[in-house]
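Me: I have this one open on my screen. Can we go through it piece by piece?

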Amino acid sequence: MLADLSGKVALVTGGASGLGRGICLELARCGADLAVADLNQAGAQRVATDVAKLGGKAQAFQVDVTRRASAQGVVRQALDVYGKIDILVNSAGVIGAPGFEGTVTSREEDWDATFQVNVKGTVLASEAVAEHMAPRRSGKIVNIASHAGRQGGPGGGAYGASKAAVIHLTQSFALDLAPYNINVNCICPGTIWTPMWEQIARRYKRNNPAFKDMTPRQVFDKFIQERCPLKREQTPEDMGKMAAFLASDDAMNITGQAINVNGGARMN
């Protein structure tokens, strides 16, 4: 049974592509109206059009989640259109700075980029929406972390550390906002074929001779077969379904949790 989000309004950052797009579409299928927010407004508009094709209602907005004024601005714009925000999904994220796929270890610019977008962006968007949710004593915030934030890996220091910080932030916000009846949880995705994972695959090809003659997609498939007990890839729609559940009344007593959706690749 789909989560029932009828009459709810969801703001999704990073909604223009990848996980964000899948999350927007699943929330719409569950009945939510969408505020699709992204630095790439044209991409956000395409997703809003896709939502409309499903029979849903969506509006595209531009946002730079690393800037407080922009985060506050997109909340105001969404409120002007819909009158309320019931759900925030913090999906905006980066794997590193431009050129990441050509590196071996995290550079200073990778640390700056991942913490600016993945961590600071989550904080600023959450604080901006919480200002609206708290007086209403109602709301759901869903952060997108990663199972890379559960355990360190070679060469992935900046990204993994930023996602570990998102898990920690989720717990802190859950405690801070519980008195206002706001649930805060996060999803830890596994291995999903998105533009971000294609960057990871290209990095593996460059740095590991065993992958040299493989396409990025073949590298991805190899990871699924070797590291995922269920032997099948996860999808943006999988993350959307979990986000919809966490945003629904069915999850009213779940808060401060980090839930793996990764086919068993990490179990904790």
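Me: What residue classes make up the lining of the second largest pocket?
Reply: The model is predicted. In it, the lining of that pocket has four charged, four polar and three nonpolar residues.

Me: Which residues line the second largest pocket?
Reply: Lys8, Asp86, Ile87, Ser138, Gly139, Lys140, Asn181, Asn183, Ala247, Asp249 and Met252.

Me: And how much space lies in the second largest pocket?
Reply: About 160 Å³.

Me: OK, the sheet. What is the strand order?
Reply: S3-S2-S1-S4-S5-S6-S7, in an open sheet of seven strands with parallel pairing. Strand S3 (58–62) and strand S7 (258–261) are the edge strands, each pairing on one side only. From one strand to the next, the twist averages 20 degrees.

Me: How many bridges join S5 to S6?
Reply: Six, between residues 139–144 of S5 and residues 182–189 of S6. In one of these pairings, Asn143 has Cys186 in S6 as its bridge partner.

Me: Which strands does H1 touch?
Reply: Helix H1 (residues 18–29) packs on the sheet and touches S1, S2, S4, S5 and S6. Its direction makes about 170 degrees with that of S1.

Me: Where does H8 lie?
Reply: Helix H8 (residues 236–247) lies across S4, S5, S6 and S7, at about 165 degrees to S6.

Me: Which residues of H6 and H7 meet?
Reply: Trp197, Glu198, Ala201, Arg202, Tyr204 and Lys205 in H6 meet Pro216, Val219, Phe220, Phe223 and Arg227 in H7. By class, that contact has seven nonpolar, four charged and no polar residues.

Definitions and conventions:
Residues are numbered from 1 along each chain as its sequence is written. This is a predicted model: local features need pLDDT of at least 70, side-chain atom pairs count only at pLDDT 80 or more; totals for chains, interfaces and linings use all residues. Side-chain values use heavy atoms; hydrogens and water are left out. On a 1 Å grid over the protein atoms alone, a cavity is a set of points where a 1.4 Å probe fits but cannot get out, and a pocket is an open set with protein on both sides within 12 Å along at least five of seven lines; lining residues have an atom within 4 Å of a point. Grid points are joined across faces, edges and corners, and a volume is the space filled by probe spheres set on the points. Ala, Val, Leu, Ile, Met, Phe, Trp, Tyr, Cys and Pro count as nonpolar, Asp, Glu, Lys and Arg as charged, and the others, Gly among them, as polar. Contact means heavy atoms within 4.5 Å. Helices (H or I, at least four residues) and strands (E, at least two) are DSSP runs, numbered from the N terminus. Two strands pair if DSSP finds at least two bridges between them. Axes are lines fitted to C-alpha atoms, for helices over the stretch in contact, and angles run from 0 to 180 degrees between N-to-C directions.
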